[in-house]
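This note sets out points for a colleague who is new to the structure. Please read them beside the sequence and the model.

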Amino acid sequence: MRECVNAQAEFHLFLRRHSMAKVGFIGLGIMGAPMADKLQQGGHKLYLHDQKNPPAGLLEGGATVCTSGAEVAKRADIVIVMVPDTPHVQAVLFGEKGVAEGLSPGKIVVDMSSISPIATKEFAQKINALGCQYLDAPVSGGEVGAKAASLTIMVGGSESAFNDVKPLFELMGKNITLVGGNGDGQTTKVANQIIVALNIQAVAEALLFASRAGADPARVRQALMGGFAASRILEVHGERMVKRSFNPGFRIELHQKDLNLALQGAKALGISLPNTATAQELMNACAAHGLSGLDHSALCRAVEIMSNHEIAQA
């Protein structure tokens, strides 16, 4: 145990003295690729692993491709994971040739995926048992936020690990908060997804109402942006609904997963989330119509189909 503590202390001292860190990044999808790019632009050495070939820009910038999560963990000081769901994180960390096999005491694992808070606590315990620290740090802001380095990052874990990784977080986001212990970051992300889903539903219903009543939904949105109903969802997703632009920044199927976590958690906690359940059913309806790969702003399609009216024409 003393050996682990000494290794961690030396690692923390290294990070404080040196601006460049060896960072592993696993999961280079819609969100992961631009996030990794921001770290590389910040001067950090990247070790990458993904099911697909990493983006050419990262390789041209000097990133190293690794054949497994274990290799990433051996070569990097901090390992960041950004994959879709709880089973994927489990496989990346503890599967064959996973991250856990390559870790040595003092390193930090950062899961920036959006997954189960309960599973997160279990993963953290296993990583801690290897003499390493674990942060759950899910993000909000979608592809736009990842590309603009304006993500909101909700962190659960120890203050010492948070302070060591914060310089990396600051390259990827702006609103960065240590919420509490392991699992609290994921709990915050679930809460975030409840709010986002219900706001998308509200904007969809409002613009549908306005459109069916004969008003120009684009001008209605513009007017509402100057009042108390103004929101980031109305600004960004309302525009998508009006312009019929549903290329995925955050897919419906991923938001379905997050709301499922919310409803599973509500059941375990013995609480009722009726409007969250309604939003989930609207997303289920979209999926039933083959729309699960679209941006979650396309939730408006569910209410449009039920109403036999579209907010606007493409």
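1. A residue is called buried when its relative accessible area is under 20%, exposed when over 50%, and partly exposed in between, with a 1.4 Å probe and protein chains only. By this criterion, 51% of the 314 residues of the protein chain count as buried. The model is predicted, so local features need pLDDT of at least 70 and side-chain atom pairs count only at pLDDT 80 or more, whereas totals for chains, interfaces and linings use all residues. Residues are numbered from 1 along each chain as its sequence is written, and side-chain values use heavy atoms, leaving out hydrogens and water.

2. Overall dimensions. The C-alpha trace of the protein chain spans about 70 × 45 × 35 Å along its principal axes.

3. Secondary structure. The protein chain has 15 helices and nine strands. These are DSSP runs numbered from the N terminus, with helices being H or I of at least four residues and strands E of at least two.

4. The largest nonpolar core. Such a core is a set of buried Ala, Val, Leu, Ile, Met, Phe, Trp, Tyr and Cys residues joined through side-chain atoms within 4.5 Å. The largest one holds 32 residues, and those touching the most other members are Phe25, Met35, Ile80, Val110, Met112, Ile153 and Phe169. Among the elements that each supply at least two residues of this core are strand 1 (22–26), helix 2 (32–41) and strand 8 (151–156). Helix 9 contributes the most, with six residues.

5. Phe169 and the second core. Leaving aside residues up to four places away in sequence, Phe169 touches Val110, Met112, Leu135, Ala137, Ile153, Val155, Phe162 and Ile176, a contact being heavy atoms within 4.5 Å. A second, separate core of 26 residues includes Val196, Ile252, Leu282 and Ile311.

6. Helix 12. This helix has twelve residues and reaches 16 Å from its first C-alpha to its last, close to the expected 16 Å, which is 1.5 Å times one less than its number of residues. Its buried residues are Ile233, Leu234, His237, Gly238, Arg240, Met241 and Val242. They pack against helix 10 (184–212), helix 11 (217–224) and helix 15. Just after helix 12, Arg244 takes a positive phi of about 60°.

7. Salt bridges across the sequence. A salt bridge places a side-chain nitrogen of Lys or Arg within 4 Å of a carboxyl oxygen of Asp or Glu, and the whole structure holds twelve. Asp295 and Arg240 form one (3.7 Å, N to O). Asp295 lies in the loop between helix 14 (274–288) and helix 15 (300–307) and Arg240 in helix 12, so the pair ties together parts 55 residues apart in sequence. Glu304 pairs with Arg244 (2.9 Å, N to O); both residues are buried. Arg244, Arg301, Glu304 and Glu310 are linked in a network of salt bridges.

8. A salt bridge within one helix. Where do Glu143 and Lys147 sit relative to each other in helix 8? They are four residues apart, and therefore separated by about one helical turn. Their side chains meet in a salt bridge (3.1 Å, N to O). Glu143 counts as partly exposed, at 23% relative accessibility.
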